[in-house]
Amino acid sequence: MNLTKNFIISIFYIFFLCLIQISILNPLFFLLLGCYSYIYILFILIYPYNENKFIFLFLSFLIGWTIDHCMNLGGVHAFSSTLSAFLRSKFLQFFDGKNFINRNNFSICELPFLRKMLYIFSLVFTHHFCLLILEILKGAFLNRILLFKTIFSSIFTTILCIIYFFFRKS
């Protein structure tokens, strides 16, 4: 019963993040000089670490596929979000050691601020770099500089994620 409840809550959370991404943040792209903000990666950051990994990968794929479907893209968000979900535990092991594995109720909010910021930026940067590489390979942004867009988009998304964690109660 608990697994079904968590799955349904995750589906509603995915719907909410996709709604924010598509209706608010995508139109902001033109105002921010080409810096994207993909807030849906917040789902990958805050999903409980002790839950089923297969369901987590599926939900990460689902959120990426939903964004791809609404933006008429060919699966670049689905691949990038699934890759980020797959690498999430590796990044967390790098920034927190094996501490999070030993606890059942680990939360990213428990990390010190610098480690939390580096963890978020690393995961967001990996997501954005993969996403923008795939967009370049499909020929959508041949006139843009990849590293410039990746860095500034990652910084902007990281700032939004840190604002979320700052206002979230532990």
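Contact here means heavy atoms within 4.5 Å. This is a predicted model, where local features need pLDDT of at least 70, side-chain atom pairs count only at pLDDT 80 or more, and totals for chains, interfaces and linings use all residues. Residues are numbered from 1 along each chain as its sequence is written, and side-chain values use heavy atoms, with hydrogens and water left out.

**Stop one: T157.** Select T157, in helix α7 (residues 146–167). Helices are DSSP runs of H or I with at least four residues, numbered from the N terminus. T157 has 0% relative accessibility, so it counts as buried (under 20% relative accessible area, 1.4 Å probe, protein chains only). Now show its contacts. Setting aside neighbours within four places in sequence, T157 touches Y36, S37, Y38, I41, V124 and H128.

**Stop two: α3.** Move to α3, which has 19 residues. From first C-alpha to last, α3 reaches 27 Å, close to the 27 Å expected (1.5 Å times one less than the number of residues). Colour its buried residues: I55, F56, L59, S60, I63, G64, I67 and D68. They pack against α1 (2–25), α2 (41–46) and α4.

**Stop three: α3 against α4.** On the α3 side, pick residues including F61, W65 and M71; on the α4 side, residues including H77, F86 and R88. By class, this contact has eleven nonpolar, five polar and two charged residues (Asp, Glu, Lys and Arg count as charged; Ala, Val, Leu, Ile, Met, Phe, Trp, Tyr, Cys and Pro as nonpolar; the others, Gly among them, as polar).

Key:
Helices (H or I, at least four residues) and strands (E, at least two) are DSSP runs, numbered from the N terminus. Buried means under 20% relative accessible area, exposed over 50%, partly exposed in between (1.4 Å probe, protein chains only).
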